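Me: Hi! I have a protein open on my screen and I'd like to go through it with you. Can we start with one residue and move on from there?

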Amino acid sequence: MTTEAETTLLQALPGGLFIDGRWRAAGDGRQLAVHDPATGRVVKLVADAGPADARAAVDAAAAAFPGWAATPARERGEVLRRAFDLLRERREEVALLMTIEMGKPLAEARGEVDYGGEFLRWFGEEAVRVQGRYGANPEGSGRMIVTQHPVGPCYLVTPWNFPLAMTTRKVAPALAAGCTVVLKPAELAPLTTIYVARLLEEAGLPPGVVNVVTTSTPGPVSEPIIRDARVRKLSFTGSTGVGRTLLAQASERVLRTSMELGGNAPFVVFDDADLDTAVDAAMVAKFRNIGQACTAANRFIVDRKVVDDFVSRIAERVRGLSMGRGTEDGVSIGPLIDDRAVAKADHLVSDAVARGARLVTGGQRYDGEGTFYPATVLADVPVDSEILSSEIFGPVLAIVPFDSEDEAVKIANDTDYGLVSYVFTESLSRGHRMIDRLETGMMGLNVGAVSNAAAPFGGWKMSGLGREGGPEGIHEYLQTKYTLTPDPGA
Ligand code: NAD
């Protein structure tokens, strides 16, 4: 059911491309339909850009770059801070928009507004802390000056699963560093990015600094942008498969890239863990965003001595989760993003069961309106099951028992991905060993969620390149210059 508040919100939202500070239709007038995955209904039509529109966006970003790069860092930071304040004021509205376009429960959408907003605040503060270096060279024959410069116009590509936070995590450091951007949100959930662009406009951002291109044909639209010599940076968040394609395109001009790609997070529970803590954290690490997170725990690797206890406690909690449209009270399992996601979850569960996994709860396809899949628990999952090597991206919790610390580490690291791991143990020394032994860019030690604007988010192995957030985040948008000058003499 669409409420009056939803209708008003959707009607007030621009449906155009945002180029050079103006909202306008696609050159050929095409439009792209955005659906509510809980009902399958079209909620809004937005402009469907083609390559010529993308070129216009790059023209605008390139023209705006010298002025924005020369704008004092304090002023750039203040625009971000104003955008943060506006976002906080409009928390309910933005949260509702996210729930409508991609299905997450409203309470989680509010959490994303808080988390995503922090990038605007954090990088507004970081803008004024970009520093260089000055010193005598070791031979004493000259002075070394090291300075930082904005890398230039950037192309930013984001996924649908965290439409606000993935936008602000890229846009805020880029703007703080003095870069201009062309932003391309996912075709499945472009509305939140449009909302953010309007917010930045309201916060005083000059025309052309942020440009938004929505399209149903991301390949043909993106490739010319990536190959355009005026674009100096590509930052992508999405699947490893698409990331590899874009890296290949970027290699032609040796384009600076940041890649935040897929994950296959292990969640390791040792027999000395506090099981209450582990179960609480498992519910967050698995079911946040209906399992559609790159950081979602994908493989629960549990000591055989405590696995039965863990399974029964988890199953009880999972049976209590309620499924429905994210706007309804008490719902924690919203719809998956589309039919393909439902078919994938269903296939992975069937494959595991066929190989001998035990279906503890869930696992029944839902035939009503919307693209729902129920919260599901699988125990005794055989190690050759597809579910352990694919990103599930759905509310399915797969448990594998282990018998020794070495075996747990071996299973956890047996993947091409390396984004995040979760470890549960009350032993300090074991915790430290896991920091050394698990091959992931991030780790939750006795916690089930690690994301924070002040921390360097990013993966090892095929989970990506570079970091977003933290003091590291702004350096993705800066380039270093070293200058040598002779000693001034006496
Ligand atoms: P996706 O790779 O299908 O799409 C991501 C973005 O790439 C979208 O904007 C899409 O339009 C665009 N795209 C698709 N094909 C393209 C092409 N040929 N050329 C240019 N752009 C193209 O991913 P998704 O389904 O939107 O998101 C889910 C994936 O994102 C998962 O694998 C998840 O792990 C990953 N993800 C990673 C992080 C992280 O920080 N590491 C965060 C969120 C999501």
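**A chat about this model**

Reply: Happy to! Threonine 327 is partly exposed, with a relative accessible area of 24%. Keep in mind that this is a predicted model.

Me: Why does threonine 327 count as partly exposed?

Reply: Because its 24% relative accessible area falls between the cut-offs: under 20% would be buried and over 50% would be exposed.

Me: Where is threonine 327 found?

Reply: Look in the loop between helix 11 (307–319) and helix 12 (339–354).

Me: And what does threonine 327 touch?

Reply: Not counting residues up to four places away in sequence, threonine 327 touches Glu6, Leu96, Thr99 and Leu106.

Me: How far apart are the C-alpha atoms of threonine 327 and alanine 203?

Reply: They are separated by 29 Å, and the two residues are 124 residues apart along the chain.

Me: New topic! Which residue does UniProt list for "active site"?

Reply: The UniProt entry, which is unreviewed, lists Glu260. You'll find glutamate 260 in strand 11 (residues 256–260).

Me: Is glutamate 260 buried or exposed?

Reply: Glutamate 260 counts as buried because its relative accessibility is 3%, and the cut-off for buried is under 20%.

Me: What is glutamate 260 in contact with?

Reply: Leaving aside neighbours within four places in sequence, its contacts include Arg169, Phe236, Phe457, Ser463 and Glu468.

Me: Okay, now the ligand. Which residues come nearest?

Reply: Of the 29 residues around the ligand, the nearest are Thr158, Arg169, Glu187, Ser239 and Glu391. Arg169 is also one of the residues in contact with glutamate 260.

Me: What lies 2.4 Å from an oxygen atom of the ligand?

Reply: That's a polar side-chain atom of glutamate 391. For tryptophan 160, a polar side-chain atom lies 2.9 Å from a ligand oxygen. With threonine 158, a backbone N or O atom is 2.7 Å from an oxygen of the ligand.

Me: How much of the ligand does the protein bury?

Reply: Taken alone, the ligand exposes 840 Å², and the protein buries 87% of that.

Me: Last one: helix 3. How many residues does it have?

Reply: Helix 3 (residues 73–89) has 17 residues. From first C-alpha to last, helix 3 reaches 25 Å, close to the expected 24 Å.

Me: Which of the residues in helix 3 are buried?

Reply: Among them are Arg76, Gly77, Val79 and Phe84. The buried residues of helix 3 pack against helices 2, 4, 5, 6 and 7.

Key:
Residues numbered from 1 in each chain as written. Predicted model: local features only at pLDDT ≥ 70, side-chain atom pairs only at ≥ 80, totals over all residues. Heavy atoms only, no water. Helix = DSSP H or I, 4+ residues; strand = E, 2+ residues; numbered from the N terminus. Expected span 1.5 Å × (residues − 1). Buried < 20%, exposed > 50% of the residue type's maximum accessible area, 1.4 Å probe, protein only. Contact = heavy atoms within 4.5 Å. UniProt positions renumbered as here; feature names shortened; annotations may be inferred. Near = heavy atom within 4 Å. Polar contact = N/O pair within 3.5 Å; in protein donor to acceptor, adjacent residues only side chain to side chain. Areas by Shrake-Rupley, 256 points an atom, 1.4 Å probe, with all protein chains shown as cover.
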